[in-house]
Amino acid sequence: MIWNEKIECMSREDMRALQSERLIELVNRVYNNVAFYRHRMEEMGVEPSDIKSIDDIVKLPFTYKNDLRDHYPFGLFAVPMKDIVRVHASSGTTGKPTTVGYTKNDIKNWREVLARCLTMAGISSDDVMQVSYGYGLFTGGLGVHYGAETVGCTVIPISGGNTRRQLQLMSDFGSTVLACTPSYALHLADALAENGYSLKDMKLKVGVFGAEPWTENMRLELEKKWGIKAFDIYGLSEIMGPGVANDCIHHVGLHVHEDHFFPEIVDSGTKLPMADGEEGELVFTTLTKEGIPLLRYNTRDLSTLNRSTCKCGRTTVRMKKITGRSDDMLIIRGVNLFPSQIEHVLLEMGETSAHYMLYVDRENNLDTLELKVELDETNRMETIRDLQMLSRKIQHALNNAIGLSVKVTLVEPKTIARSEGKAVRVVDKRKK
Ligand code: DLL
């Protein structure tokens, strides 16, 4: 089944014409309504009339996560607040989150692309979908929820966490689809037996997993453990949330909904466009978004593009499963985290030195995060109680700032290895 055959199987020529028409309209809109883009374009000597087709996209400025942060909270919105019906947010590089806003029409388009993704995974109104992505400021829960309702699924908006309850409802309500991060899906599978369940109690058929990088091997592992078909859903808050792309039953890359999100690959050093098949940074232009339209947003995710027609019949460009990132952003239990956020909190508190190491690991398939931080030489702690109080205080401050629980270990001054070049501050033991 294909949700929107007209678009998803459109000829490359017609798609380019549609993209060109939408880009021209978009550039006029942002030039007139977003001071940031007007200034950027003026600096580059580009006018809206210079954009005559989708090929001219290379003349336009890039946008980075920092630009959203610098215009926090609503500075890049292109419509008055009365037209914004929803706001979501995700982590930025320091204390401030990046905020995005949606108009009614944006929500309608979001439902549409999600409906295409879910249909690609064989999901229909016959399904009962357990949405175990977090609901709230994170785009995962509500994004997938609306899409599932659009295809007519029975939706269980359980949100993340509470493993026992997840399994209980999965069994009692007969969920046929599970939507969550791949690591949580693995954790749930491993928790079956200890909670008194077996696969026979479950009706699960399909998994819609994403929000963090995972390998093809992990996909096969999840299929085996659950006896399901597992699909990869990709997206990011800045562009829309989940539903920018999804893989079909052939699992050869993820189909990008390129009538809404135009992808490019650029070299991570020179930022020059790269040819199809070459790996670089994935960049998206939101061709239809009204609330916060973005030109050439650099995701920092590494991928390649493939414009050949897929065996499923869809002609939309496919992006290779994400292989990594060109920056140091970590994804921990689905939460985006930059080491600089930790540093920011430590420096703001000023009660330790700024020498720290982050240890990321996976226990029972759940990500764990430990921070080792050196005590300040001038601020010697006298008692164990002092030390405990300080580590609790840091833990609390980190939890407030990044929404993750972190194990904090205080260590003696000068015990964390110094690096001669770039500081190595993260040991990620999850990488196989
Ligand atoms: O993670 C949106 C989402 C929710 C996608 C639910 C899929 C399912 P952010 O919190 O803004 O948005 O994080 C976006 O997560 O730039 C990637 O680095 C990573 N990411 C998201 N999906 C995938 C995936 C949501 N399928 C950032 N594979 C992105 C690899 C992914 N990485």
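Predicted model: local features only at pLDDT ≥ 70, side-chain atom pairs only at ≥ 80, totals over all residues.
## Overall build

The protein contains 11 helices and 21 strands. Its radius of gyration is 23 Å, close to the 22 Å that the globule rule gives for 432 residues, so the protein is as compact as a globular protein of that length. Taken along the principal axes, the C-alpha atoms fill a box of roughly 70 × 60 × 45 Å.

## Two domains

The domain assignment divides the protein into domain 1, residues 1-326, and domain 2, residues 330-431. The C-alpha centres of the two domains lie 31 Å apart. Where they touch, domain 1 supplies 18 residues and domain 2 supplies 13 residues.

## The interface between the domains

The size of an interface is often given as the accessible area lost when the parts come together. For domain 1 and domain 2 the buried area is about 1200 Å², with 55% of it on carbon and sulfur atoms. Which part of domain 1 gives the most to the side that touches domain 2? Helix 8, residues 182-191, does, with five residues. By type, the residues on this side of domain 1 are six nonpolar, nine polar and three charged.

How many salt bridges are there between domain 1 and domain 2? The count is zero. Polar contacts do occur: two residue pairs are in polar contact across the interface of domain 1 and domain 2, both at pLDDT 80 or more.

## Salt bridges in the structure

Side chains of opposite charge can pair when their charged atoms come close. The structure as a whole holds 30 salt bridges. One of them is formed by the side chains of Arg-12 and Glu-258, with an N to O distance of 2.8 Å. Arg-12 belongs to helix 2 (residues 12-33), while Glu-258 sits in the loop between strand 9 (254-256) and strand 10 (261-266), so this pair ties together parts that are 246 residues apart in sequence.

## Glu-112 and its contacts

Glu-112 is part of helix 5, which covers residues 104-120. The side chains of Glu-112 and Arg-116 are joined by a polar contact of 2.7 Å. Leaving aside residues up to four places away in sequence, Glu-112 touches Trp-3 and Asn-4.

## Backbone details

Most residues other than glycine have a negative phi, and most peptide bonds are trans. Pro-73 is found in the loop between helix 4 (65-70) and strand 1 (86-90).

Asn-162 lies in the loop between strand 4 (154-156) and helix 7 (163-173).

Terms used:
Residues numbered from 1 in each chain as written. Heavy atoms only, no water. Domains from an automatic or database assignment. Contact = heavy atoms within 4.5 Å. Buried area = accessible area lost by both parts, 1.4 Å probe. Salt bridge = Lys/Arg side-chain N within 4 Å of Asp/Glu carboxyl O. Polar contact = N/O pair within 3.5 Å; in protein donor to acceptor, adjacent residues only side chain to side chain. Helix = DSSP H or I, 4+ residues; strand = E, 2+ residues; numbered from the N terminus. Nonpolar A, V, L, I, M, F, W, Y, C, P; charged D, E, K, R; others polar. Rg over C-alpha atoms; globule rule 2.2 N^0.38 Å.
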